[in-house]
Amino acid sequence: MKFMPMKKNAFALKIDMAKAYDRLSWLFIKDTLHSFGIQGHTNDLIMECIPTPSMSVLINGKPEGWFRPGRGIRQGCPLSPYIFILCTEVFSHIFYNYEVADLYHGVRINRCAPTVSHLLFADDSLIFCHATASSLACVQEILHKFSEWSGEKINYDKSSILFSRHVAEADRNTFAGMLHLTNMASRAGPGMISIWDILF
C-alpha cells in the first residue's frame, strides 16, 4: 500500500500529570468504580482500603506525628494500577463524547488510516489535534473537565507540544502560549522532528 501523508496543520500534546497517584479524588474513584459496574459491597470494600494508611513527616531524620491523607492512592498497592487505569479511562470517554458530538476530531497519518485523538501510557497522555482555535478550545475544555473531576493537575514543566511542519511559526507560538506549553519543535532532536514531518 502506498503511503500518502496528510498535508494538514496539526499538533501533538504530551501531557504529564503531576503526582498522578497522589492527587486522585476519592469521590472520583468511587464514582468511577460505580460507573464501570463495581458497585455495592465490592465498591465499599475497595474504598475502605484506600484511606486506611497513615503518614508521618521526617524532621531531622525522625518521624514527627501521624496524619491521614485526604486524596490519592498508594504506590505499591496491588489495587492502585487497576484503579488508576479505570480513572484514566474516564479521560478517554470525555474525548469519545466530544468526537461523537462532532466537537473534536483527531488526526490520521494518511487517508486510509483511522483517526487517532489520543494515546495513554501510565500518567502520560499524547493528544493529537488539528491546529485550529476551535480544536484548541476543545482540548482546554477536556483537560479542565478531567482535572476538575479527578483532582489531577497538569505538570507543565514536563509537558510539551510538537507541531507539524505546515503550521506557521506565529500560530505555533500562539497555541503553545495559550496551553502554557513549550514549543517542542524548538528544542527536540532532528530525528523526532523528521518522523513527525513524514507522518504529517
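Q: Which residues of helix H2 are buried?
A: This is a predicted model, where local features need pLDDT of at least 70 and side-chain atom pairs pLDDT 80 or more, while totals for chains, interfaces and linings use all residues. Numbering starts from 1 along each chain as its sequence is written, and side-chain values use heavy atoms, without hydrogens and water. Buried means under 20% relative accessible area, exposed over 50%, partly exposed in between (1.4 Å probe, protein chains only). Helices are DSSP runs (H or I, at least four residues), numbered from the N terminus. In H2, residues 26-35, the buried ones are Trp 26, Phe 28, Ile 29, Thr 32 and Leu 33.

Q: Why do the buried residues line one face of H2?
A: An α-helix has 3.6 residues a turn, so residues three or four places apart point the same way. Down the axis of H2, the buried residues fall within an arc of 155 degrees, so they line one face. The arc uses directions from the helix axis to the C-beta atoms. On the other side, Leu 27 and Ser 35 are exposed.

Q: How do the axes of H2 and H4 cross?
A: Axes are lines fitted to C-alpha atoms, for helices over the stretch in contact; angles run from 0 to 180 degrees between N-to-C directions. These two axes come within 10 Å and cross at roughly 80 degrees. That makes H2 roughly perpendicular to H4 (65 to 115 degrees).

Q: Which residues make the contact of H2 and H4?
A: Contact means heavy atoms within 4.5 Å. H2 gives Phe 28, Ile 29, Thr 32 and Leu 33; H4 gives Ile 83, Leu 86, Cys 87 and Val 90.

Methods:
Parallel < 35°, antiparallel > 145°, perpendicular 65-115°, else oblique.
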